[in-house]
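Thanks for coming, everyone. I have one structure to walk you through today. Please bring it up on your screens.

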Amino acid sequence: MQVQTLKIATRKSPLALWQANYVKAQLMLHHPQLAVELVPMVTQGDVLLDSPLSKIGGKGLFVKQLELALLNHEADIAVHSIKDIPAEFPQGLALTTICKRDDVRDAFVSNRYTDLAQLPANAVVGTSSLRRQCQLKAHYPHLVVKDLRGNVGSRLAKLDNGEYDAIILAAVGLKRLELQERIKQAIPIEIMLPAVGQGAVGIESRENDHIINQLLKPLDDQHTRYCITAERAMNHHLQGGCQVPIACYSKLENTRLNLQGLVGSLDGKTIITANVTGDQQQASELGIKLAQQLLEQGAEKILNQIR
Ligand SMILES: NCc1[nH]cc(CCC(=O)O)c1CC(=O)O
């Protein structure tokens with residue numbers, strides 16, 4: 001049986017469209033005969049732009065609509081930033097493909113300052129990420145963190161309007177949108193441990209759609225898959241969504257997987273970290289072990305206060 005046209009469900013933000021077009025291009029490269037079409041949609045996360053994400057709550061604000069499209073066969077695959085997807089999927093859907101990861105770091109963006117350390121007392125830094133907030137406050141307690149929502153373009157516009165002295169964004173988003181020159185500093189992971197899945201694109205599809213899943217196979221990157229599997233296992237064990245101050249960075253060298261994890265309080269006064277290493281084949285177990293070490297050190301109390 002042949003696929004007539006492979007349909008890609010995507011959000012309409014420029015970054016989401018870039019990622020969907022990237023997947024489209026990769027698919028056409030590997031399957032020159034295949035017709036691929038984007039199905040852009042508006043999600044709840046895009047509509048509720050003015051409320052802080054951490055307050056709206058609800059996991060998967062950005063993915064639900066896309067998943068409905070997959071279940072209704074209005075689309076065959078959904079392209080997501082892995083950072084934005086919940087730990088669990090609706091019955092019948094799965095994260096079947098993990099594309100090669102790009103830069104995992106956060107970026108410091110400012111029109112006046114060249115790096116975080118330069119910011120004076122009471123400088124206003126924009127971010128809505130509790131993970132970024134807690135690490136900013138931990139390293140630079142003199143800074144003021146102010147909420148910042150919207151897609152990458154509107155966040156930059158708010159910076160340019162003078163509402164903030166600096167803002168923090170994922171470096172990869174700026175690179176993909178060819179806004180790399182806005183990055184004043186790629187923040188070292190020692191200062192700002194990234195979000196689970198940051199910098200990686202994932203593809204969700206119907207678990208039993210073997211024809212589609214076969215077409216996706218060449219897009220899967222095994223190295224990234226080990227890292228993401230470990231990070232997501234940690235997040236799942238901590239019951240973290242994307243609105244919690246949890247960070248994780250995994251590094252794979254040869255077959256050894258090293259994971260650094262962090263849970264912190266919003267004021268940055270309590271920061272819990274842990275580190276585990278093991279074989280890549282044990283990726284999920286390592287993620288769980290990392291979560292357990294964080295919990296043993298008191299992560300639960302911090303997370304409960306926020307929930
Ligand atoms: N929360 C929004 C979001 N989801 C994914 C990315 C960037 C791409 C990625 O991290 O993989 C961003 C923007 C940002 O954090 O600056």
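One term before we start. Two strands count as paired if DSSP finds at least two bridges between them. Keep that in mind for this pair: β12 and strand β13, residues 271–279, are antiparallel and share nine bridges. One more thing to know: this is a predicted model.

Let's stay with those strands. β12 and β13 make a hairpin, with six residues between them. Look at Gly268 in that turn: its phi is positive, about 75°. Now go to the other partner of β12. Strand β11, residues 246–253, pairs with strand β12, residues 256–264, again in the antiparallel sense, over eight bridges. That hairpin has two residues between the strands. Asn254 takes a positive phi there, near 55°.

Now pick out Gln260. Which residue of β13 is the bridge partner of Gln260? Asn275 is.

Let's step back to the whole chain. It has 11 helices and 13 strands. The C-alpha atoms fill a box of roughly 65 × 45 × 35 Å along the principal axes. How does the radius of gyration fit a compact globule? For 307 residues, such a globule would come out near 19 Å; the chain has 19 Å, so the two agree.

The domain assignment gives three pieces. Domain 1 comes in two segments, 5–101 and 199–220. Domain 2 covers 106–186, and domain 3 covers 235–306. Between the C-alpha centres of domain 1 and domain 3 the distance is 26 Å.

Last stop: the ligand. What surrounds it? The shell includes Ser81, Lys83 and Asp84. Also in the shell are Val152, Leu169, Ala170, Val172 and Gly173. Gln198 and Gly199 belong to it as well. By class, that makes four nonpolar, four polar and two charged residues.

Where do these residues come from? Domain 1 and domain 2 each give at least three. Among the elements, β8, residues 166–170, and α7, residues 171–176, each supply at least two.

Over to you for questions.

Definitions and conventions
Residues are numbered from 1 along each chain as its sequence is written. This is a predicted model: local features need pLDDT of at least 70, side-chain atom pairs count only at pLDDT 80 or more; totals for chains, interfaces and linings use all residues. Domain bounds come from an automatic or database domain assignment. A residue is near a molecule or strand if its C-beta atom, placed from the backbone, lies within 6 Å of it. Helices (H or I, at least four residues) and strands (E, at least two) are DSSP runs, numbered from the N terminus. Ala, Val, Leu, Ile, Met, Phe, Trp, Tyr, Cys and Pro count as nonpolar, Asp, Glu, Lys and Arg as charged, and the others, Gly among them, as polar. The radius of gyration is taken over C-alpha atoms; the globule rule is 2.2 Å times the number of residues to the power 0.38.
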